[in-house]
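Good morning, and thank you for coming. Please have the sequence and the structure in view while I speak.

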Amino acid sequence: MLLVVGTLTGARWLADRPALAALLVVAVVAAACLVGRQRMQHGVWAPPVRHLVAANPRTMGPRQFEHFLADLCRRDGCRDVTVVGGANDHGADVLYTDPSGRRGLIQAKRHRHGNGVGNPAVQVVNGTYRDAHHCHHAAIVTTSHFTVPARQFAHQVGIELVDGRRLHAWMRGQRAAAPWNRATTF
């Protein structure tokens, strides 16, 4: 009841001051635009952080997984995030500009738990991320794990590998686990 009376009193007060009411409307619209601009990149709304933490990438389809990784990039301050996966994607599923201003590429590999990502995936990314996509760094992100040959070759050529454990750390907000950061133990 008190809220209704306060609202009506405030509305009557503003009605007597049309210039102030117009200024208030402009301020509210400007604030909404600023918030919307910060949350929106390239026409895609970034989901709330809670959604990213609670998601289960293993139940997503391949395209959903790519968009999920793009949302993680946006959440952590990347710009120009684009999902480009599909036929003839030349090893790129997500392209972005990281918080330091460097172009990056993610190849998404949503695999079952026991199905590891092998060396051919690393070779494809290594052969395309610089020349075809003009990126400074590249990563392969999987819900599973990487084979020993894949890890060895990726280390040799400088491609980041984000396995299921590191992916979950990234999802929980550990920004050091993001693909544009050099790997530590997760």
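This is a predicted model: local features need pLDDT of at least 70, side-chain atom pairs count only at pLDDT 80 or more; totals for chains, interfaces and linings use all residues.

Residues are numbered from 1 along each chain as its sequence is written, and side-chain values use heavy atoms, with hydrogens and water left out.

Let us begin with strand β6, residues 137-142. Helices (H or I, at least four residues) and strands (E, at least two) are DSSP runs, numbered from the N terminus. Is β6 enclosed or open? Six of its six residues are buried, so β6 is largely enclosed by the rest of the structure. Buried means under 20% relative accessible area, exposed means over 50%, and partly exposed lies in between, with a 1.4 Å probe and protein chains only. Both faces of β6 are covered: H137, A139 and V141 are buried on one side, and A138, I140 and T142 on the other.

Which strands pair with β6? Two strands pair if DSSP finds at least two bridges between them. Strand β5, residues 103-109, runs parallel to β6 and is joined to it by six bridges; here Q107 stands opposite I140. Right-handed means that, with the strands pointing away from the viewer, the path from the first strand over the helix to the second runs clockwise. Strand β7, residues 160-162, is also parallel to β6, with three bridges joining them, and V141 stands opposite V162. The chain goes from β6 to β7 through helix α6, residues 148-157, and this β-α-β crossover is right-handed.

I turn to helix α4, residues 62-75. Its 14 residues, at 1.5 Å a residue, should span 20 Å, and its end C-alpha atoms are 20 Å apart, which agrees. The expected span is 1.5 Å times one less than the number of residues. Of the 14 residues of α4, 10 are buried, so the helix is largely enclosed by the rest of the structure. The buried residues include F65, F68, L69, L72 and C73. Just after α4, G77 takes a positive phi of about 95°.

What lies in the largest nonpolar core? A nonpolar core is a set of buried Ala, Val, Leu, Ile, Met, Phe, Trp, Tyr and Cys residues joined through side-chain atoms within 4.5 Å. The largest one has 24 residues, and L69, L167 and W170 have the most contacts inside it. Its largest share, six residues, comes from α4. Apart from this core lies another, of 16 residues, among them V122, V125, Y129 and L161.

Next, consider K109, which lies in strand β5. K109 counts as partly exposed, at 24% relative accessibility. Leaving out residues up to four places away in sequence, K109 touches F65, V117, A121, I140, V141, T142 and T143, where contact means heavy atoms within 4.5 Å.

Finally, how many disulfides does the structure hold? It holds zero disulfides, a disulfide being a pair of cysteine sulfur atoms within 2.5 Å. C73 is in no disulfide, and the nearest cysteine sulfur, that of C78, is 4.6 Å away. C73 is buried, with a relative accessible area of 0%, and C135 also counts as buried, at 5% relative accessibility.
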